[in-house]
Amino acid sequence: MNKKWAAKRLTINLTSGEAQRLEQYCSITGRPATDVIRELIRSLSTKNEQDPQT
């Protein structure tokens with residue numbers, strides 16, 4: 001594993017259906033699960049990002 005990305009290691013528990021869906025997506029797109037999950041996390045918005053005045 002590339003050390004520059006090893007800022008925090010995360011273990012997640014997925015249902016068999018979720019794992020299968022992730023594997024299928026990765027197979028179709030040719031992308032590793034780590035990249036897919038990282039992109040999904042980056043796409044999450046927080047309250048401060050939605051309304052900076054609050």
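Is Ile 12 buried, exposed or something in between? Ile 12 has a relative accessible area of 44%, and because that value lies between the cut-offs of 20% and 50%, this residue counts as partly exposed. Please keep in mind, as we go on, that what we are looking at is a predicted model.

Ile 12 also belongs to a group: together with Leu 10, Leu 14, Ile 41 and Leu 44, Ile 12 forms a nonpolar patch on the surface, and the accessible area of these residues together is about 490 Å². For the protein as a whole, the accessible surface comes to about 5300 Å², and carbon and sulfur atoms account for 51% of that. Of the 54 residues in the protein, 6% are buried.

Now to the elements, where the protein has three helices and zero strands, so that, in the order α-α-α, we can read along from the N terminus. Helix H1 has 14 residues and spans 20 Å from its first C-alpha to its last, which is close to the 20 Å expected at 1.5 Å a residue. Just after H1 comes Gly 30, which takes a positive phi of about 75°.

Finally, how confident is the predictor? The average pLDDT of the protein is 87, and 78% of the residues score at least 70. Among the elements, helix H1, residues 16-29, has the highest mean pLDDT, at 98, whereas helix H3, residues 47-50, has the lowest, at 72.

Terms used
Residues are numbered from 1 along each chain as its sequence is written. This is a predicted model: local features need pLDDT of at least 70, side-chain atom pairs count only at pLDDT 80 or more; totals for chains, interfaces and linings use all residues. Side-chain values use heavy atoms; hydrogens and water are left out. Helices (H or I, at least four residues) and strands (E, at least two) are DSSP runs, numbered from the N terminus. Buried means under 20% relative accessible area, exposed over 50%, partly exposed in between (1.4 Å probe, protein chains only). Accessible areas come from the Shrake-Rupley method with a 1.4 Å probe; for residues, only the protein chains shown count as cover. pLDDT is the predictor's confidence in each residue, from 0 to 100. The expected span of a helix is 1.5 Å times one less than its number of residues. Patches are made of residues with over 30% relative accessible area and no salt bridge: like charges are joined within 9 Å, nonpolar side chains (Val, Leu, Ile, Met, Phe, Trp, Tyr) within 5 Å. A salt bridge is a side-chain nitrogen of Lys or Arg within 4 Å of a carboxyl oxygen of Asp or Glu.
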